[in-house]
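Let's take a walk through this protein chain, from its overall layout to its charged pairs and surface patches. Have the viewer open as you read.

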Amino acid sequence: MKKIQIRQLRFRISAFTLLESVMSLFVISFIFMMFTISFTNTINIIKGELFILRFERIYRDTQFQSMVRKQSNNLEIVNKKLLYLGKEVEIPNQVEFLNSYKIRFSEDGGNSSLQKIEIYLPYTEKKMNYQLYVGSGKYRKSIS
């Protein structure tokens, strides 16, 4: 009889109680949610910054195509869309253009306005300004 009791004590398995299981599940869920929220915010910031780089490339490409083809081209920002060279690019939610814009490039690649393009990135709370220079097609970028 003693041997059976000793054997039962030796094979006794200790486990979490229901309360301990719920607490550990809560802690793991909380840590996972904090990581997910931080990760989502980082993704939104990166998407906004990547679109800014894409916008600058599209600006230079449209200007270059005007010079090469010797024809005037337009770069338009209307209704959350970027229109250039017959193409259409959707503006992501991570970027807000504060107005509608139309930039006309002449045959020699210069633009004909002193327009100021204002872009707001809500996730980083940055406002980017592009001041266009008449004739040269160049711009000055400032961040505030």
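In which strand does E118 lie? E118 sits in strand β6, which covers residues 116-121. Keep in mind that what you're looking at is a predicted model.

## Overall layout

The protein chain has two helices and eight strands. Going along the sequence, the order is α-α-β-β-β-β-β-β-β-β.

Of the 144 residues in the protein chain, 26% are buried. If you take contacts between residues at least 6 apart in sequence, 46% of them join residues at least 24 apart.

## Around E118

E118 is buried, because its relative accessible area is 18% and the cut-off for buried is under 20%. Leaving aside residues up to four places away in sequence, E118 touches E96, F97, L98, N99, Y101, K127, M128 and N129.

One of those neighbours, K127, also pairs up with E118 in a salt bridge, with the closest N and O atoms 3.6 Å apart. K127 itself is partly exposed, at 28% relative accessibility.

## Salt bridges to helix α2

The count of salt bridges comes to four. Among them is the one between K126 and E49, where the closest N and O atoms are 2.9 Å apart. K126 is in strand β7 (residues 126-132) and E49 is in helix α2, so this pair ties together parts that are 77 residues apart in sequence. Both ends are partly exposed: K126 has a relative accessible area of 24%, and E49 comes in at 25%.

K141 and E56 also meet through their side chains in a salt bridge, at 2.9 Å from N to O. Here K141 belongs to strand β8 (residues 139-143) and E56 to helix α2, so the pair links parts 85 residues apart in sequence. K141 is partly exposed at 36% relative accessibility, whereas E56 is buried, with a relative accessible area of 9%.

## Surface patches

On the charged side of things, R54, R57, R60, R69 and K87 form a positive surface patch. Helix α2 (residues 18-69) gives the most to this patch, with four residues. K87 is found in strand β3 (residues 87-90) and is partly exposed, with a relative accessible area of 45%.

There's a nonpolar patch too: F26, V27, F30, I31 and M34 make up about 530 Å² of surface. I31 has its place in helix α2 and counts as exposed, at 55% relative accessibility.

Terms used
Residues numbered from 1 in each chain as written. Predicted model: local features only at pLDDT ≥ 70, side-chain atom pairs only at ≥ 80, totals over all residues. Heavy atoms only, no water. Buried < 20%, exposed > 50% of the residue type's maximum accessible area, 1.4 Å probe, protein only. Contact = heavy atoms within 4.5 Å. Patch = residues over 30% accessible without salt bridge, like charges linked within 9 Å, V, L, I, M, F, W, Y side chains within 5 Å. Areas by Shrake-Rupley, 256 points an atom, 1.4 Å probe, with all protein chains shown as cover. Lys, Arg positive; Asp, Glu negative; His and termini not counted. Charge placed at Lys NZ, Arg CZ, Asp CG, Glu CD.
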